[in-house]
Amino acid sequence: MNTQRADVLLCRPTMKAPSERITSKLWVGSLPIDDPVKTWGGYGSDLECDGCDGPRTPKEPEHEHQMQNGRVLRFHVACAGLWRVLKQALPDRKHAPPPSSSL
Ligand SMILES: [Zn+2]
């Protein structure tokens with residue numbers, strides 16, 4: 001018997017670095033690449049971080065970002081920073097500006 005395992009759902013229990021997780025989510029579209037319309041901070045509520053999927057404990061500061069469609073993303077402060085940087089670094093899938101090449 002040859003059982004093939006599909007890795008398409010990214011649900012393997014391997015621990016990935018937060019930056020890898022966030023990059024994957026940006027690529028598959030489960031994290032938006034848009035800028036939030038509103039951002040605020042607070043403390044964790046034991047829910048999962050939208051970036052690294054780890055728990056956000058009440059002792060940990062967090063960032064919340066409200067998107068244009070009303071979705072609220074909740075991140076560890078570090079994951080929020082990664083998300084902001086990584087979504088800028090990815091090729092823009094919606095409105096990619098032409099690469100500006102100088103002379
Ligand atoms: Zn996180």
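Where is the place of D35? D35 sits in the loop between α1 and β1. The account below concerns a predicted model, and begins with the overall arrangement before returning to this residue.

## Overall arrangement

The protein chain contains 2 helices and 3 strands. Read from the N terminus, its elements follow the order α-β-β-β-α. Helix α1 covers residues 18-28, and helix α2 covers residues 77-89. Strand β1 takes in residues 38-43, strand β2 residues 61-66, and strand β3 residues 72-76.

The protein chain has 103 residues, of which 18% are buried. Of the contacts in the protein chain between residues at least 6 apart in sequence, 50% link residues at least 24 apart.

## The sheet

The strands form an open sheet of 3 strands in the order β1-β2-β3, and the pairing is antiparallel. β1 and β3 are the edge strands, each pairing on one side only. From one strand to the next, the twist averages 25°. As a general point, strands of a sheet pair through backbone hydrogen bonds, in either a parallel or an antiparallel manner.

β1 and β2 run antiparallel and are joined by 6 bridges. Within this pairing, G41 has H63 of β2 as its bridge partner, and Y43 lies opposite P61, also in β2. Strand β1 is hardly covered: of its 6 residues, the number that are buried is 0.

E64 faces R74 of β3. β2 and β3 make a hairpin with 5 residues between them, and in the turn G70 has a positive phi of about 95°.

## The two helices

How do the helices meet, and at what angle do their axes cross? The axes of α1 and α2 come within 10 Å and cross at roughly 50°. Angles under 35 degrees would count as roughly parallel and those from 65 to 115 as roughly perpendicular; α1 and α2 are therefore oblique to each other. The crossing of α1 past α2 is right-handed.

On the α1 side, the contact is formed by P18, S19, I22, T23 and L26, and on the α2 side by A78, C79, L82, W83, L86 and K87. By class, the residues of this contact comprise 8 nonpolar, 2 polar and 1 charged.

S19 belongs to helix α1 and, leaving aside residues up to four places away in sequence, touches L82 and L86. S19 and L86 are 67 residues apart along the chain, yet their C-alpha atoms are separated by 8.0 Å. S19 has 16 C-beta neighbours inside 10 Å, so S19 counts as partly exposed.

## Helix α2 and the sheet

Helix α2 is also placed against the strands. α2 lies across β2 and β3, and runs at about 115° to β3.

## Loop residues

Is D35 buried or exposed? D35 has 12 other C-beta atoms within 10 Å, so D35 is exposed. D35 and Q68 lie 33 residues apart in sequence, with a C-alpha to C-alpha distance of 8.4 Å.

The loop between β1 and β2 holds D46 and D53. Phi of D46 is near 65°, a positive value in a residue other than glycine. D53 is likewise not a glycine and has a positive phi of about 70°.

For D53 the count is 14 C-beta neighbours inside 10 Å, so D53 counts as partly exposed.

Notes:
Residues are numbered from 1 along each chain as its sequence is written. This is a predicted model: local features need pLDDT of at least 70, side-chain atom pairs count only at pLDDT 80 or more; totals for chains, interfaces and linings use all residues. Axes are lines fitted to C-alpha atoms, for helices over the stretch in contact, and angles run from 0 to 180 degrees between N-to-C directions. Helices (H or I, at least four residues) and strands (E, at least two) are DSSP runs, numbered from the N terminus. Angles under 35 degrees count as roughly parallel, over 145 as roughly antiparallel, 65 to 115 as roughly perpendicular and the rest as oblique. A crossing is left-handed if the near helix is turned anticlockwise from the far one by less than a right angle, and right-handed if clockwise. Two residues are in contact if their C-beta atoms, placed from the backbone, lie within 7 Å. Ala, Val, Leu, Ile, Met, Phe, Trp, Tyr, Cys and Pro count as nonpolar, Asp, Glu, Lys and Arg as charged, and the others, Gly among them, as polar. A residue is buried if 20 or more other C-beta atoms lie within 10 Å of its own, exposed if 12 or fewer, and partly exposed in between; C-beta atoms are placed from the backbone. Two strands pair if DSSP finds at least two bridges between them.
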